[in-house]
Amino acid sequence: MDALVLSHPEQLERLRRACPEAEGAAVLAGDPCFDRMLAARRHRERFRRALGVRRGQRLVVLNSTWNSEGLFGDGGETDVLPGLLPRLGAELPADDYRLAAVLHPNIWYGHGPGQIRAWLDRARRGGLTPVDPVHGWRQALLAADVVLGDFGAVSYYAAALGVPVLLAADGRGRLDPEAPLAAFVREAPRLAPHGPLREQVDKLLAEPPPGAGAAAYVTSAPGAAAALLRRHFYALMELPEPEARALLEPLPLPPHDPPRRTAPLYVRTRVQGVDVVVERSTAPFRDVEGEAHLAVHEDTRDPGELEVADVVLRDGAPDDPRLGGPGPWTAEVLGRHPHCALAAYVTGPDACTVRTGVRTGARTGENDSFRLSAGPGADADPAVYASALYAWLTAGGVVPSRGVTLRARVAGGVHPVTVEPVTPGAGSGAAGWPDSADAEPPPG
């Protein structure tokens, strides 16, 4: 053996005790993987936007190592994650939290990508994003607000970055009790898998940011791994080291991968003037405060859900020839589904075009089609804007000819949304955005 690369002197001490004859080959050279994450921390907001995390949302990253006792398990009855996934989607409001999953590459290749996609299918339709296990997991950690994981290295890296970690599987007996990773596992907060999930996540997030603790042992030379490794490599080759600085490849910006929820969303709203409080969930609310409606994506797995939907959603380009554009599509949906009161065609990350049906009971003047756009500072799912308008109209609100600005209250923030009547035959745009004072609010 020419070299055994270690990241911290603590590892050298354990190596001396376990295999003293290997000490001469040991090289302390830091951790290039961790160094790449340290260098990319300044791009945290970009990584969050790549995952479709919006203002006010908390990103919860699920992480599992490759082990039968890990969070994902081995497909057996005692696995933790299968029971957590539907509850996470149901207990964490859809617009307050964003879910992503980092599964060890061997999980994907051990079970097969098709099997993994099948196991995650329900959660994916509810908004979970599986992260590329080779090229995207570091960026997901940097973007995370909390990691729900196990005793694998990804949880350890998260703690070293200062990200709060909840352990759902500790792998007792799998770790060297003297290793810092084992100390981290002993000290880390535990998830009570059968307890209220939102309460546990929120409690962790409300606590002061954690120190690195045992995870400080991830490297003794932060930012220096490239130089240390190259120096040793050239020494092994008995060649002079280049004069240029040794640098690591920066972490790439992942593709934009926002959630695509095709599972039905249960929506409850409260209307106060032009302010509309909106909360959405993949599970029915036990206690409905205010009014409730059902929003269903046209690509739902169960077509029968479209027959009882109050709002039907679709996302696509405005000029998609397959759909005919927002005008024809919304008219088709209302004609096909008599129960539907509002059809919303989402044309981008901050806009949608809607058409209302007679069931809204609203006085919309000569127009039944509207373009909804995010106002200054708004950053919510356009489907939220559609639900806000639906609630406002059904409460008796009237859209003036010059339009109206509603304020959707979601994920702890206020998101102004401009509602502009679409003139028949004039496409999807019209001039003029009024102030909220121009609107006629719901009675009472």
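The buried residues of helix 2 (residues 32-40) pack against helix 3 (44-50), helix 7 (137-143), helix 8 (153-160) and helix 11 (225-237). Buried means under 20% relative accessible area with a 1.4 Å probe, protein chains only. Helices (H or I, at least four residues) and strands (E, at least two) are DSSP runs, numbered from the N terminus. This is a predicted model, in which local features need pLDDT of at least 70 and side-chain atom pairs count only at pLDDT 80 or more, while totals for chains, interfaces and linings use all residues. Residues are numbered from 1 along each chain as its sequence is written, and side-chain values use heavy atoms, without hydrogens and water.

**Helix 2**
- The buried residues here are C33, F34, D35, M37 and A40.
- At the start of helix 2, a side-chain oxygen of D31 comes to within 2.9 Å of the backbone nitrogen of C33.

**Helix 8 and helix 9**
- Helix 8 and helix 9 pack at an angle of about 75°, with their axes 11 Å apart.
- The two helices are therefore roughly perpendicular to each other, a term for angles of 65 to 115 degrees.
- S155, Y156 and A159 of helix 8 meet P180, L181 and F184 of helix 9 in contact (heavy atoms within 4.5 Å).

Note on methods:
Buried means under 20% relative accessible area, exposed over 50%, partly exposed in between (1.4 Å probe, protein chains only). A polar contact is a pair of N or O atoms within 3.5 Å; within protein, one must be able to donate a hydrogen and the other to accept it, and residues adjacent in sequence count only if both atoms are side-chain atoms. Axes are lines fitted to C-alpha atoms, for helices over the stretch in contact, and angles run from 0 to 180 degrees between N-to-C directions. Angles under 35 degrees count as roughly parallel, over 145 as roughly antiparallel, 65 to 115 as roughly perpendicular and the rest as oblique.
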